[in-house]
Amino acid sequence: MSIIIRNLSFSYGSLNALQDINLALQEGCFNALLGPNGAGKSTLFALLSRLYALQSGEITIAGHSIAHHPAQVMRKLGVVFQQSTLDLDLSVAQNLYYHAALHGMSKRQALPRITEELARFDLSQRLHDKVRTLNGGHRRRVEIARALLHQPEILLLDEPSVGLDPATRESLNLHIRQLCRQQQLTVLWATHLIEEVQNDDPVTILFKGRILASDTADQLCQQHQSADISTLFRSLTGTST
Amino acid sequence: MTLRDALICFNGLLQRELLRFVQQRSRFFSALVRPLLWLVVFASGFRAALGIAIIAPYETYITYEVYIVPGLCAMIILFNGMQSSLSMVYDREMGSMRVLLVSPMPRPFLLLSKLMATSLISLLQVYGFLVIAWFWGVEAPLWGYLTALPAFLLVAMMLSAIGLFISAKIKQLENFAGVMNFVIFPMFFLSSALYPLWKMREASEWLYWICAWNPFSHGVELIRFALYQQVNSTALSIVIVVTLVASIVAVRGFQPQQGMGKR
């Protein structure tokens, strides 16, 4: 179960945010979407999560067209947005129950899932704490736990490590990789931080709304005769990260 | 979407609105200050200046305070409806709309459920106001408080749907101040909330016609009659039609990227 994007373009008025994007994510893998700020990553995420309507091209998620079968698509998809979408004044449990209800899960159905996901992220003790009392790393974990409540097959994370300290960033990254391995979850992790990418990760480099390269990090380095992905990224985009 | 899914989803939305309402108790009290100022200060001063003839649904001469209460109930609903609709388009504080929109439930259902949930919450404020008005000596028949409930809800849905449509379509109204000046105040003052329309007709024929065409006037009259256990069928028909049309147009025109691209 994966994401297939064909001939996708999107513009804000006269500004082209995405141009002719073609991409197929590798199933059960940690797929990295690498691009500097303004590359079009968030626009792509907004299209994948149906926040924006398609202008041209098509997206198929887990075998369903996003334009024609949105409900089936959204059931298979978990999304973590770049900016926090938790309600700070509500408790962790209240936030999670709200999400579960939006997916048609009753409290009785949701409770075992909430318990399981919070335990995975070592947050069981914080169930009834207000989100406002959680630090940035814990809030991110709650958001990921929330995105996994309805047991999606694909998880989208838009710059999930922004604003976190390096240690928390690394542990979050490892957690998600563990999820990929344990649950065969397909992950799309957008970032502008190259250190979050490993050599065997499928990587897509997005720059000014276009895909410049897409393959595993190792393969890309070989193809472009680059020492590492960081050097390759700089030479392709003319930017540093 | 099954009926069970829909009920769970609506219940979740309603519970969230209730929780937020409980969290923001201060907002509840401050929302009551506005209509109470109108009732206690404005109506007291205005009573001497305005004589109200016997008009339906009232069976006798009434004080100005009695006349103004249904309009003030509608005002509470108007402010709440506009505020919540505007926030559905523009307010991405904590991105709660994003969480809503990534639900697999049909988007029209989600939007209308949210409008209904916020409408139900604003009824708590209306009844809070009616309790204080009762202590202030403005009493409707006891059963009237119950018969007015569907009228409050219908008017709340109408105003929220109009609010959602306006917020989504008119880009210039990008904050609450804009909505207040160009939507809420004209809607409120050009209506039968503060003065009967015949009185307005004495002053100006064209102002009268604007008031008569204002859907808010019909909302106020629907509430006024319902509070006295009567049905104003003209007002009811107009409110139902406007609610349906505004809901359809608002839901069809709702484009989340419009609000997101702006800030």
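Which residue of strand 4 of chain A is the bridge partner of Ile5(A)? The partner is Ile59(A). The model is predicted, so to read it note that local features need pLDDT of at least 70, side-chain atom pairs count only at pLDDT 80 or more, and totals for chains, interfaces and linings use all residues. Residues are numbered from 1 along each chain as its sequence is written, chains are lettered from A and ligands numbered from 1 in the order in which they are written, and side-chain values use heavy atoms, with hydrogens and water left out.

**The sheet in chain A**

Chain A has an open sheet of four strands in the order 2-1-4-5, with antiparallel pairing. Strands here are DSSP runs of E with at least two residues, and helices are runs of H or I with at least four, both numbered from the N terminus. Two strands pair if DSSP finds at least two bridges between them. Strand 2 (15–24) and strand 5 (64–65) of chain A are at the edges with a single partner strand each, so one side of each has no neighbour in the sheet.

Strand 1 (residues 3–12) of chain A is joined to strand 4 (residues 56–61) of chain A by five bridges. Six bridges link strand 1 of chain A to strand 2 of chain A, again antiparallel, and there Phe10(A) stands opposite Leu18(A). Strands 1 and 2 of chain A form a hairpin with two residues between them, and Gly13(A) in the turn has a positive phi of about 65 degrees.

**Spans from the UniProt record**

UniProt, in an unreviewed entry, places "domain: ABC transporter" at residues 3–233 of chain A. For chain B, an unreviewed entry gives "transmembrane region" at several spans, including 142–166 and 234–254. UniProt positions follow the numbering used here, feature names are shortened, and annotations may be inferred rather than shown by experiment.

| Span | Helix | Strand | Distance between end C-alpha atoms |
|---|---|---|---|
| Residues 3–233 of chain A | 36% helix | 26% strand | 24 Å |
| Residues 142–166 of chain B | 92% helix | 0% strand | 36 Å |
| Residues 234–254 of chain B | 95% helix | 0% strand | 30 Å |

**Where the chains touch**

In all, 28 residues of chain B are in contact (heavy atoms within 4.5 Å) with 32 residues of chain A. The two chains bury about 2800 Å² between them, 60% of it on carbon and sulfur atoms; buried area is the accessible area (1.4 Å probe) that two parts lose on being put together, summed over both.

Chain B and chain A share two salt bridges, a salt bridge being a side-chain nitrogen of Lys or Arg within 4 Å of a carboxyl oxygen of Asp or Glu. Arg20(B) forms a salt bridge with Asp87(A), with the closest N and O atoms 2.6 Å apart. Helix 1 (3–23), helix 4 (96–101), helix 5 (107–135) and helix 12 (256–260) of chain B each supply at least two residues of the side that touches chain A. Helix 1 of chain B gives the most, with 11 residues.

**A salt bridge within chain A**

Over all chains, the structure holds 20 salt bridges. The side chains of Lys41(A) and Glu159(A) form a salt bridge at 3.0 Å, N to O. Lys41(A) lies in helix 1 (residues 41–48) of chain A and Glu159(A) in the loop between strand 7 (154–158) and helix 6 (166–183) of chain A, so the pair ties together parts that are 118 residues apart in sequence.
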